[in-house]
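I opened this entry to record what I looked up, step by step. The sequence and structure come next, and my notes follow.

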Amino acid sequence: MTNDIQRHATLLKAAARAAKNITTILDPYELLQRTVDIICDEFGFYYAGVFLLDDLKQYAVLKAGRGEAGREMINAGHKLAIGGNSMIGASIANRQGRIALDVGAEAVFFENPHLPKTRSEMALPLVVGDEAIGALTVQSTEEAAFHDEDIAALQTMADQLAIAIQNSNLHRQAERRSRLLKAANRVGKEVTSILSIEELLPHTVNIICEA
C-alpha cells in the first residue's frame with residue numbers, strides 16, 4: 001500500500017513538472033515532440049505518442065512519437081479510426097482514459113510492428129471544453145504497468161497539453177492575421193504610388209503570396 005502511495009505521488013510530481021514545461025512551448029511541432037520526450041524521460045515509459053483529429057474528425061493522426069518508431073509511423077501516415085478497434089479511437093470517442101493491462105488479453109490494441117515490446121498501454125483524450133481534439137498514448141514494456149490512479153495523475157498533464165495545443169494554434173492564427181494585415185497595409189500604400197496597372201497587379205500578387 002505504501003509503495004502504491006509513493007508511486008502515485010511520484011507520478012503526480014512528474015506530471016506537474018511535465019505540464020509546466022509543456023505550457024511554455026508555443027511552436028506546435030516542438031510542443032508535441034517535446035511532450036512525448038518529457039513523458040518517456042520523466043516517467044521512464046517505453047513509448048509515448050500524440051494523435052490529433054483530422055479535418056473530418058474521422059481519424060486520429062499521429063503527429064509526434066518517441067524515437068525511431070515514432071518517426072517511422074509518422075512518415076507512414078499512421079492513423080486510427082475514431083471509435084474503432086483501438087485504445088486511441090475509443091478514448092477520443094468516449095472522452096475517457098483507457099487502460100489495457102495485458103497485450104495477450106487485448107492483442108487487437110497492440111498489433112503494431114513498430115512497437116514490439118509494448119505490454120500495456122494507457123490512452124488519454126485531449127479535451128478542450130467539451131471537445132476531444134486528439135489523444136495521448138503511453139506504453140510500457142511491463143504488463144499491468146498502469147493503475148486507475150495513473151489516469152488521474154496523467155490526465156492532468158493531458159489536459160494541460162490540450163490547452164497548450166489550443167494556445168499554440170491561436171498564436172499561429174494571430175501571427176497569420178498579423179502578416180495579412182501588414183500585407184494589406186503595404187498594398188494600400190503602394191497602390192497610390194504605382195500608376196501602371198501592368199506593374200501594380202503582379203506586384204500586389206507578390207506581396208500577398210509572400211505574406
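**Helix α3**

I started with helix α3, residues 67-75, and listed its buried residues: Ala69, Gly70 and Met73. I then looked at how they are placed around the axis; they cover an arc of only 100°, which puts them on the same side of α3. I note here that the model is a predicted one.

Next I asked what covers the buried residues of α3. The cover includes β1 (47-53) and β2 (59-65). Past the end of the helix I checked Gly77, which follows α3 and has a positive phi, near 70°.

**Overall count**

I stepped back to the whole protein. I counted 6 helices and 6 strands. Along the sequence they run in the pattern α-α-β-β-α-β-α-β-β-β-α-α. The protein has 211 residues, and 39% of them count as buried. I also looked up the contacts between residues at least 6 apart in sequence: 55% of these join residues at least 24 apart. The accessible surface comes to about 11900 Å², and carbon and sulfur atoms account for 52% of that.

**The sheet**

In what order do the strands of the open sheet lie? I read the order of its 6 strands as β3-β2-β1-β6-β5-β4, with antiparallel pairing. The edge strands are β3 (79-81) and β4, each of which pairs on one side only. On average, neighbouring strands of this sheet are turned by 25° against each other, direction ignored.

Tyr59 has Ala81 in β3 as its bridge partner. I then looked for helices on the sheet. Helix α2, residues 28-43, packs there and touches β1, β2 and β6. The direction of α2 makes about 150° with that of β1. Helix α3 also packs on the sheet, where it touches β1 and β2, and its direction makes about 140° with that of β2.

**Strand β5**

I turned to strand β5, residues 120-128. Why do I call β5 largely enclosed by the rest of the structure? I do so because 8 of its 9 residues are buried, and buried here means under 20% relative accessible area.

I checked both neighbours of β5. With strand β4 (residues 98-100), β5 pairs in the antiparallel sense over 3 bridges, and Arg98 has Ala123 in β5 as its bridge partner. With strand β6 (residues 131-140), the antiparallel pairing runs over 9 bridges. There I found Pro125 opposite Ala135 in β6. The hairpin of β5 and β6 has 2 residues between the strands, and Gly129 takes a positive phi near 65° in it.

**Nonpolar cores**

Last, I looked up the cores. The largest nonpolar core holds 36 residues, of which Phe43, Leu126, Leu136 and Met157 touch the most other members. I traced where its residues come from: α1 (2-22), α2, β1, β5, β6 and α5 (148-191) each supply at least two. Helix α5 gives the most to this core, with 9 residues.

A second, separate core has 15 residues, among them Ala60, Ala69, Met73 and Ala123. Two of these names took me back to my opening entry, where Ala69 and Met73 are listed among the buried residues of α3.

Definitions and conventions:
Residues are numbered from 1 along each chain as its sequence is written. This is a predicted model: local features need pLDDT of at least 70, side-chain atom pairs count only at pLDDT 80 or more; totals for chains, interfaces and linings use all residues. Side-chain values use heavy atoms; hydrogens and water are left out. Helices (H or I, at least four residues) and strands (E, at least two) are DSSP runs, numbered from the N terminus. Buried means under 20% relative accessible area, exposed over 50%, partly exposed in between (1.4 Å probe, protein chains only). Contact means heavy atoms within 4.5 Å. Accessible areas come from the Shrake-Rupley method with a 1.4 Å probe; for residues, only the protein chains shown count as cover. Two strands pair if DSSP finds at least two bridges between them. The arc is that of the directions from the helix axis to the C-beta atoms. Axes are lines fitted to C-alpha atoms, for helices over the stretch in contact, and angles run from 0 to 180 degrees between N-to-C directions. A nonpolar core is a set of buried Ala, Val, Leu, Ile, Met, Phe, Trp, Tyr and Cys residues joined through side-chain atoms within 4.5 Å.
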